[in-house]
Amino acid sequence: MGYVRFRNQKLGIFYLDPSPFLRNPLNIIYVVKIGEIPPKRTLIRVTVAETSIEYEVIGGVLQTFEIRYITGWETVDPNRLRTKGLIDREEYLHLITYPIKDRYNIHEIADCIGVHTVSSPQVAEILKGGVNTIVFTNSQKNKKLAEFNRIMSLIPNEFRQIDSPNFYKTTTKNERINLPESQEVSVAYYNANNVPVHIPIAFDAEFKPYSEIKENVEHNEALIRNYLLDTLLFNPVLLPRHYKRVEVMIYDMLDRITDQKEVPFFQDIGGAIPQLVAAFARITFKSIVTPAELAQSFQAWYSMVSEIMVGQNIEPLNVDQIYRLNSHAETLLKELTLRNDAGVPLTLETVRQNTRVPGLFFEKALEQLRVGGYIYIPNEETIRLISY
């Protein structure tokens with residue numbers, strides 16, 4: 001039993017790791033002999049039919065590999081692995097925002113910081129998981145940044161390394177983070193508004209003196225971190241029966257954003273809802289997204305955006321300019337529309353194989369369509385078109 005990490009996905013050759021972020025140190029390789037290939041980063045139990053030993057020279061050293069051929073596998077509920085009964089979701093959100101003085105929107109702030117910390121799973125090879133945010137403040141920049149970083153100290157240092165499958169970063173720069181080795185990338189942009197994000201955070205809060213809360217914070221540090229690590233065991237799935245609900249939420253988001261001439265931040269419209277609903281499911285240890293997470297995610301986003309749209313001392317962005325499509329994205333949109341109108345299923349593989357957009361520009365064009373709310377991508381096999 002373990003989490004699938006592919007050595008060769010097309011051939012169904014993979015490792016089984018003890019967790020999504022801890023690799024198995026043993027040279028044991030699993031090969032699908034009969035049946036379907038399991039999804040990556042999914043917790044499964046396999047049926048081994050036979051084994052063999054193979055040798056390979058790596059870095060000038062002869063290594064021995066045990067090859068286990070499997071004839072079947074089944075998914076396993078990650079709840080079997082997690083630490084149970086220490087704290088629940090509400091306690092987790094309370095503890096990570098404990099340094100903030102109580103205020104009217106403390107629950108909304110907690111929701112936003114919470115989903116940023118637990119991140120979101122990767123659903124497609126060309127689309128990173130993670131929950132990106134922009135942290136807004138009109139107060140003393142360095143002081144607020146230090147306070148936010150103190151909250152984010154709950155993230156293990158291993159997750160700040162550029163080769164980590166789960167990567168976290170706080171930055172004041174307008175920079176897109178491209179890490180090929182990471183499946184999930186969660187970046188907090190501090191008053192840097194030129195990069196598309198999933199959810200903003202209004203962070204003009206007052207903080208308790210650290211001398212008064214130091215003992216409490218240090219006492220609960222292990223509880224908070226264990227809860228976070230447990231959430232990362234989960235890769236919640238958005239079921240097809242909820243696609244229409246997601247589309248309604250994207251329409252509402254389009255209304256809220258594109259009805260403005262200027263906005264204080266760059267909203268990823270097509271990517272936000274799928275990422276946020278998965279994060280809301282993950283924070284309560286669910287493997288499948290339910291209507292509750294759909295409602296909670298949009299309400300958290302809408303409440304925070306409504307506050308941020310007023311009174312932010314930051315240079316606004318022109319809506320038409322930031323969502324303008326380049327020629328490749330326009331070509332791809334026309335192709336998707338024609339295929340959709342003809343009843344042809346839109347999958348990443350078939351669209352890539354049949355587009356006139358050059359390969360070097362395909363992923364960038366797809367990203368523009370997603371960020372602009374023209375499409376969303378619920379899984380590796382599907383592109384959903386938004387007709388607005």
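This is a predicted model: local features need pLDDT of at least 70, side-chain atom pairs count only at pLDDT 80 or more; totals for chains, interfaces and linings use all residues.
Which residues are buried in helix 1 (residues 89-96)?

**Helix 1.** Select residues 89-96: R89, Y92, L93, L95 and I96 are the buried ones. Look down the axis: these residues cover an arc of only 165° around it, which puts them on the same side of helix 1. Next, select D88, which caps the N-terminal end of the helix. A side-chain oxygen of D88 lies 3.3 Å from the backbone nitrogen of E90.

**Aromatic pairs.** The structure holds 15 aromatic pairs. Show Y92 with Y227: the ring centres are 4.7 Å apart and the planes are at 20°, so this pair is stacked. Y92 belongs to helix 1 and Y227 to helix 4 (residues 210-231), so the pair ties together parts 135 residues apart in sequence. Y92 is buried, with a relative accessible area of 0%, and Y227 is buried at 5%.

F234 is in the loop between helix 4 and helix 5 (243-258), while F285 is in the loop between helix 6 and helix 7 (291-308). F234 has a relative accessible area of 0%; F285, at 9%, also counts as buried. Y92, Y227, F234 and F285 form one aromatic cluster.

**Cavity.** Finish with the largest cavity, which has a volume of about 70 Å³. Its lining includes S120, V123, L238, Q275 and P378. Helix 6 (residues 269-282) gives the most to this lining, with 4 residues. By type, the lining has 10 nonpolar residues, 2 polar and no charged.

Notes
Residues are numbered from 1 along each chain as its sequence is written. Side-chain values use heavy atoms; hydrogens and water are left out. Buried means under 20% relative accessible area, exposed over 50%, partly exposed in between (1.4 Å probe, protein chains only). Helices (H or I, at least four residues) and strands (E, at least two) are DSSP runs, numbered from the N terminus. The arc is that of the directions from the helix axis to the C-beta atoms. A polar contact is a pair of N or O atoms within 3.5 Å; within protein, one must be able to donate a hydrogen and the other to accept it, and residues adjacent in sequence count only if both atoms are side-chain atoms. On a 1 Å grid over the protein atoms alone, a cavity is a set of points where a 1.4 Å probe fits but cannot get out, and a pocket is an open set with protein on both sides within 12 Å along at least five of seven lines; lining residues have an atom within 4 Å of a point. Grid points are joined across faces, edges and corners, and a volume is the space filled by probe spheres set on the points. Ala, Val, Leu, Ile, Met, Phe, Trp, Tyr, Cys and Pro count as nonpolar, Asp, Glu, Lys and Arg as charged, and the others, Gly among them, as polar. Rings of Phe, Tyr and Trp (its six-membered ring) pair if their centres lie within 6.5 Å; planes under 30 degrees apart count as stacked, over 60 as edge-to-face and the rest as tilted.
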